[in-house]
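Q: Can you walk me through this one? I'd like to start with packing and then go on to the metal and the pocket.

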Amino acid sequence: MAIRNLRYENDEILKKTSRQVEKVDDKIQILIDDMIDTMHKYNGVGLAAVQVGILKRVIVIDLYDDNGPIALINPEILKTKGEQEVDEGCLSFPNQFAKVVRPLEVTVEYINREGKKEKIKAKELLAQAICHEIDHLNGIVFVDKMIPGTLEYIEPEENK
Ligand code: NI
């Protein structure tokens with residue numbers, strides 16, 4: 001388990017499309033563990049592998065509730081329902097927040113870290129987080145789809 005270096009906003013890798021994972025092997029398990037550690041260190045609710053410089057379709061999510069951290073490999077959105085206008089940030093864009101329109105509900109198929117196919121139906125914050133991270137796998141970052149004029153820079157409390 002290790003903290004990996006984050007890639008930040010001007011890094012060209014964030015615009016690249018990540019590749020499908022062919023086999024859930026030890027390397028993927030280590031990647032997932034490291035991604036969870038890295039997400040926790042920076043108090044994120046989600047992280048995509050590209051944000052630690054790995055172009056593989058792997059995301060991790062943790063809403064800090066009973067569901068614990070989850071890892072989604074090769075996630076595909078099967079269905080969306082409704083819309084929500086939400087405030088959003090990203091560990092690759094420190095201190096920046098903007099409003100984005102996301103689906104209110106999504107049904108996503110993915111492979112879990114045991115290598116089994118699973119389906120999750122998510123709504124509200126979980127739907128938002130999953131959509132944000134899947135966008136990363138397609139080279140899309142939240143500022144690409146923010147509602148124009150809503151970008152704000154907010155200094156963390158300890159720096160005030
Ligand atoms: Ni992000």
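Q: What does V108 touch, leaving out residues up to four places away in sequence?
A: V108 touches L72, P75, E76, I77, L78, E118, K119, I120, I130 and I134. Contact here means heavy atoms within 4.5 Å.

Q: And what kind of model is this?
A: This is a predicted model: local features need pLDDT of at least 70, side-chain atom pairs count only at pLDDT 80 or more, and totals for chains, interfaces and linings use all residues. Residues are numbered from 1 along each chain as its sequence is written, and side-chain values use heavy atoms, with hydrogens and water left out.

Q: How many residues are in the largest nonpolar core, and which have the most contacts inside it?
A: The core has 26 residues, and those with the most contacts inside it are I59, I61, L72, V108, I120 and I130. A nonpolar core is a set of buried Ala, Val, Leu, Ile, Met, Phe, Trp, Tyr and Cys residues joined through side-chain atoms within 4.5 Å. Buried means under 20% relative accessible area, exposed over 50%, and partly exposed in between, with a 1.4 Å probe and protein chains only.

Q: Which element gives the most to this core?
A: Helix 2, with seven residues. Strand 2 (58-61), strand 5, strand 6 (105-111), strand 7 (117-123) and helix 2 each supply at least two residues. Helices (H or I, at least four residues) and strands (E, at least two) are DSSP runs, numbered from the N terminus.

Q: What lies apart from it?
A: Another core, of 16 residues, including I28, M35, A49 and A71.

Q: On to the metal. Which atoms coordinate the nickel ion?
A: C90 (SG), H132 (NE2) and H136 (NE2) do, at 2.0 to 2.2 Å. Donors are N, O and S atoms within 2.8 Å of the metal (3.2 Å for Na, K and Ca); water is not among the atoms, so sites may look incomplete.

Q: What spacing do the donors follow along the chain?
A: C-x41-H-x3-H. H132 and H136 are both in helix 2, four residues apart, about one turn of the helix.

Q: Are those histidines buried or exposed?
A: H132 is buried at 5% relative accessible area, and H136 is buried at 0%. Leaving out residues up to four places away in sequence, H132 touches E88, G89, C90, R102 and F142.

Q: Now the largest pocket. What is its volume?
A: About 620 Å³. On a 1 Å grid over the protein atoms alone, a pocket is an open set of points where a 1.4 Å probe fits, with protein on both sides within 12 Å along at least five of seven lines; lining residues have an atom within 4 Å of a point. Grid points are joined across faces, edges and corners, and the volume is the space filled by probe spheres set on the points.
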